[in-house]
Amino acid sequence: LFVALFFLSFHQDAEAGMFVFMKLQEAKKAYESGEFDKAAQLYEAHATKSQNPQSYYNTANAYYKNGNYKEAAEAYKKAAFEDEDSRAKNLYNLGNAYAKSGDLQKAITSYEESLKIKEDKETQQEKIEKTQDWFRSIIEASPDSIIVVDVLGVILLCNARTEEVFGYGKDELIKANFKIISFTMLADGYPVKNIEGGKLDAAFI
C-alpha cells in the first residue's frame, strides 16, 4: 500500500511539474510573439502560486511591453531577487515603469538604488583586487621562496626566488603539484635542506 501511494504521489507531482513547465513555455512563446497581455497573465499566475522572483520579473516585463506601467511597477516590486545583479536590473526597470507612469520621484529613487548596488559591487571588487595586488607584491619582494598552494597541493602563486630554488619558470610552476615537484627534485639529488631547512615557505589556502 505504501509503495502504491508513493508511486501515485510521485506520478501526480510529475504531472504537476510538466503542467507548470508547459504553461511557462506558453507564456514565453506569447511574449516572443508580442502577445504581452497573455504572457503577463500566464507569468503572473505562476508567480502568485510560486512566489518566484523571475516569474514576477517576467510578468512585469510583459506588462511594461503592453503599456501597463502601473501593473509592471507592482510586479517589479514583488520580484525579490537575492543576487545583486538581478536586484540592480530589476530596480532599474522599476524606475523605467515609474517614469512611464509619471511618478518621477519614485523613478529617481529606483534608479539611485540600482546604481548604488552596482557601485557597491564595483567597490568591493576593487578592494579585492587591491588586496590581491598587495599580497602578490609582498610575496614577490620576499628574499625567501614562497609558494601559495590550494588544499590539493596545486601551486597558485610563487615568487622569483622560487624560480631560482626550483629551477623552473613561473609558467611551469603555476598549476603544477608542489609535492610532485618536491619529490622529483629529491629524486634528482636536490639537497633536502633547501626544502626542509626553512628556506622554502608554502602557504596553504
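Leaving aside neighbours within four places in sequence, which residues is Asn-93 in contact with? In this predicted model, the partners of Asn-93 are Tyr-57, Asn-61 and Tyr-76.

**Overall layout**

- The chain is built from ten helices and three strands.
- Reading from the N terminus, the order of elements is α-α-α-α-α-α-β-β-α-α-α-α-β.
- Of the 205 residues in the chain, 32% are buried.
- If you take the contacts between residues at least 6 apart in sequence, 32% of them join residues at least 24 apart.

**Nonpolar cores**

- The largest nonpolar core contains 25 residues, and Tyr-76 and Leu-94 have the most contacts inside it.
- Two or more residues of this core come from each of α1 (2-32), α2 (36-50), α3 (53-65), α4 (69-78), α5 (84-101) and α6 (104-141).
- A second, separate core has eight residues, including Val-149, Val-165, Phe-166 and Phe-178.
- Leu-94 touches Ala-73, Tyr-76, Lys-77 and Ser-110, with residues up to four places away in sequence not counted.

**Helix α3 against helix α5**

- A handy reminder before the numbers: two packed helices are described by the angle between their axes and the distance between the axes.
- For α3 and α5, the angle is about 30° and the axes are 11 Å apart.
- Angles under 35 degrees count as roughly parallel, so α3 is roughly parallel to α5.
- The crossing of these two helices, α3 and α5, is left-handed.
- On the α3 side, the contact involves Tyr-57, Asn-61 and Tyr-64; these meet Lys-89, Asn-90, Asn-93, Asn-96, Ala-97 and Lys-100 in α5.
- By class, the residues in the contact of α3 with α5 are three nonpolar, four polar and two charged.
- Why does Asn-93 count as buried? Its relative accessibility is 15%, and buried means under 20%.

**Helix α2 against helix α3**

- The axes of α2 and α3 come within 8 Å, crossing at roughly 160°.
- Because angles over 145 degrees count as roughly antiparallel, α2 is roughly antiparallel to α3.
- The α2 and α3 crossing is left-handed.
- From α2, the residues taking part are Phe-36, Ala-39, Ala-40, Tyr-43, Glu-44, His-46, Ala-47 and Thr-48, and they meet Ser-55, Tyr-56, Asn-58, Thr-59, Ala-62, Tyr-63 and Lys-65 in α3.
- Sorted by class, the contact of α2 with α3 has eight nonpolar, five polar and two charged residues.

**Two loop residues to look at**

- Gln-51 belongs to the loop between α2 and α3.
- Most residues other than glycine have a negative phi. Gln-51, although not a glycine, has a positive phi of about 60°.
- Is Gln-51 buried or exposed? Gln-51 has a relative accessible area of 51%, and exposed means over 50%, so Gln-51 is exposed.
- Ala-80 is in the loop between α4 and α5, and with a relative accessible area of 57% Ala-80 is exposed too.
- Ten residues along the chain separate Ala-80 and Asn-90, and their C-alpha atoms are 9.0 Å apart.
- Asn-90 is also one of the α5 residues that meet α3.

How values were computed: Residues numbered from 1 in each chain as written. Predicted model: local features only at pLDDT ≥ 70, side-chain atom pairs only at ≥ 80, totals over all residues. Heavy atoms only, no water. Core = buried A, V, L, I, M, F, W, Y, C linked by side-chain atoms within 4.5 Å. Buried < 20%, exposed > 50% of the residue type's maximum accessible area, 1.4 Å probe, protein only. Helix = DSSP H or I, 4+ residues; strand = E, 2+ residues; numbered from the N terminus. Contact = heavy atoms within 4.5 Å. Axes fitted to C-alpha atoms, helices over the stretch in contact; angles between N-to-C directions. Parallel < 35°, antiparallel > 145°, perpendicular 65-115°, else oblique. Left-handed = near helix turned anticlockwise from the far one by under 90°. Nonpolar A, V, L, I, M, F, W, Y, C, P; charged D, E, K, R; others polar.
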